[in-house]
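This report covers helix packing and ligand contacts in one structure. Please look over the sequence and the fold before reading on.

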Amino acid sequence: MSPRTTRGQGRLYDSVVDTIGNTPCIRVNNLAPEHVELYVKAEFFNPAASVKDRLAISIIEEAERRGDLRPGQTVVEATSGNTGIGLAMVCAAKGYPLVLTMAESFSVERRKLMRFLGAKVVLTPRELKGFGMYQKAVELAEANGWFLAHQFETPDNATIHENTTGAEIIADFAGKRLDYFVTGYGTGGTVTGVARVLRKARPETKIILSEPANAQLVGSGIKQQRGSDGAPAVGHSAFEPHPIQGWTPDFIPLVLQEAIDNGGYDELVPVSGPAGMEWSRKLAAREGILTGVSGGASFAVAMQVAEKAPQGSVILAMLPDTGERYLSTPLFENVEEVMTEEEIALMKSTPGYQMAGA
Ligand code: PMP
């Protein structure tokens with residue numbers, strides 16, 4: 001084997017926002033069953049470490065193009081975290097003030113990251129859920145004349161996934177089988193945009209959509225009631241709080257509705273929060289791939305698909321963000337700060353450099 005070398009990007013970047021996208025599809029070697037090829041699309045390679053960087057740049061640049069966003073105008077959005085972090089990165093780079101509304105139940109790292117990136121974060125009560133934080137963003141936008149990003153309704157969401165995420169998958173799997181694409185939904189931007197591309201260029205690829213086992217909004221078949229702008233009029237009755245942050249808000253987003261209405265997926269597979277955490281932990285410890293609970297959850301579904309898939313099948317699962325975003329959450333609850341018994345035994349196995357009192 002020759003030594004590993006690298007060659008640089010062959011270009012210089014004018015702004016951090018130009019580094020968004022082009023995330024790698026990586027083979028899963030140790031966990032995947034032998035009879036398939038399993039890949040993950042690692043969105044933590046984006047500059048603010050999640051898939052939502054794509055949405056953030058799309059919302060801001062499309063609004064600039066249309067003249068909906070004036071230079072220096074404040075941007076406001078309701079976000080469970082990654083959209084806020086992505087928007088904070090984009091707004092910092094482009095000089096827009098940003099205010100984010102967020103239910104207090106989401107992880108503290110997310111809040112701190114948004115503030116670190118220069119945004120203001122307004123917390124909303126846990127019991128008012130996603131609907132409450134959204135209503136707060138609407139109220140603030142109307143009261144102040146701010147630009148509301150509308151991630152759950154804007155066409156700029158699915159468009160960026162069509163033009164980037166979907167296009168990248170087509171390019172990376174050119175000349176190769178792709179039998180299954182597995183993803184969950186938050187806004188639905190990923191599945192709706194990627195489905196547009198795959199249905200045209202790869203009609204043979206089965207699109208597997210997932211949602212939390214205890215919040216099967218799509219699976220319930222119960223229609224979402226909407227206002228005239230497509231935003232939810234009420235929370236969905238099938239919603240229960242679930243631990244897969246970034247997936248399935250307490251309503252069916254308008255952006256996702258296109259995939260539901262136009263056959264943008266072939267199969268809907270529910271997955272439990274604990275299964276998502278288990279596979280996130282395994283991806284980290286057995287593959288060196290650091291992703292959050294939603295990545296673990298789509299990977300859990302991909303593993304189920306893999307077990308049943310014919311010999312030689314090629315499967316791709318989305319990993320929306322980095323595991324580092326979950327340090328204060330149950331994902332890391334079994335990771336000790338102090339030495340384990342095994343580590344203490346290792347320490348004591350040689351005479352020097354021992355910690356007293358361990
Ligand atoms: N996982 C995480 C961690 C997310 O933040 C999001 C976006 N809310 C998703 C998955 C789902 O992506 P999308 O909004 O494109 O459906």
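## Helix pairs and ligand site

H5 and H6 are oblique to each other, therefore neither parallel nor perpendicular labels apply. The model is a predicted one. Helix H5 covers residues 155–172, and helix H6 covers residues 189–201. Their axes come within 7 Å and cross at roughly 50°. The crossing of H5 past H6 is right-handed. On the H5 side, the contact uses Asn157, Ala158, Thr159, His161, Glu162, Thr165, Gly166, Ala167, Ile169 and Ile170. On the H6 side, it uses Gly189, Thr190, Thr192, Gly193, Val194, Arg196, Val197, Leu198 and Ala201. By class, the residues of the H5 and H6 contact are eight nonpolar, nine polar and two charged.

Next, H1 and H2. Helix H1 spans residues 52–66, and helix H2 spans residues 82–94. Their axes lie 8 Å apart, at an angle of about 50°. An angle between 35 and 65 degrees counts as oblique, and H1 and H2 are therefore oblique to each other. H1 passes H2 in a right-handed crossing. H1 contributes Lys52, Asp53, Leu55, Ala56, Ile57, Ile60, Glu61 and Glu64 to the contact. H2 answers with Asn82, Thr83, Gly86, Leu87, Met89, Val90, Cys91 and Lys94. The residues of this contact comprise eight nonpolar, three polar and five charged.

How are H8 and H9 set relative to each other? Helix H8 (residues 273–287) packs on helix H9 (residues 293–308) at an angle of about 95°. The two axes are 7 Å apart. H8 and H9 are therefore roughly perpendicular to each other. From H8, the contact takes in Gly273, Ala275, Gly276, Met277, Trp279, Ser280 and Leu283. From H9 come Val293, Gly296, Ala297, Phe299, Ala300 and Met303. The residues in the contact of H8 with H9 are nine nonpolar, four polar and no charged.

| Residue | Ligand atom | Distance |
|---|---|---|
| Lys52 | nitrogen | 2.8 Å |
| Thr190 | oxygen | 2.6 Å |
| Ser294 | nitrogen | 2.7 Å |

Technical notes: Residues numbered from 1 in each chain as written. Predicted model: local features only at pLDDT ≥ 70, side-chain atom pairs only at ≥ 80, totals over all residues. Heavy atoms only, no water. Axes fitted to C-alpha atoms, helices over the stretch in contact; angles between N-to-C directions. Helix = DSSP H or I, 4+ residues; strand = E, 2+ residues; numbered from the N terminus. Parallel < 35°, antiparallel > 145°, perpendicular 65-115°, else oblique. Left-handed = near helix turned anticlockwise from the far one by under 90°. Contact = heavy atoms within 4.5 Å. Nonpolar A, V, L, I, M, F, W, Y, C, P; charged D, E, K, R; others polar. Polar contact = N/O pair within 3.5 Å; in protein donor to acceptor, adjacent residues only side chain to side chain.
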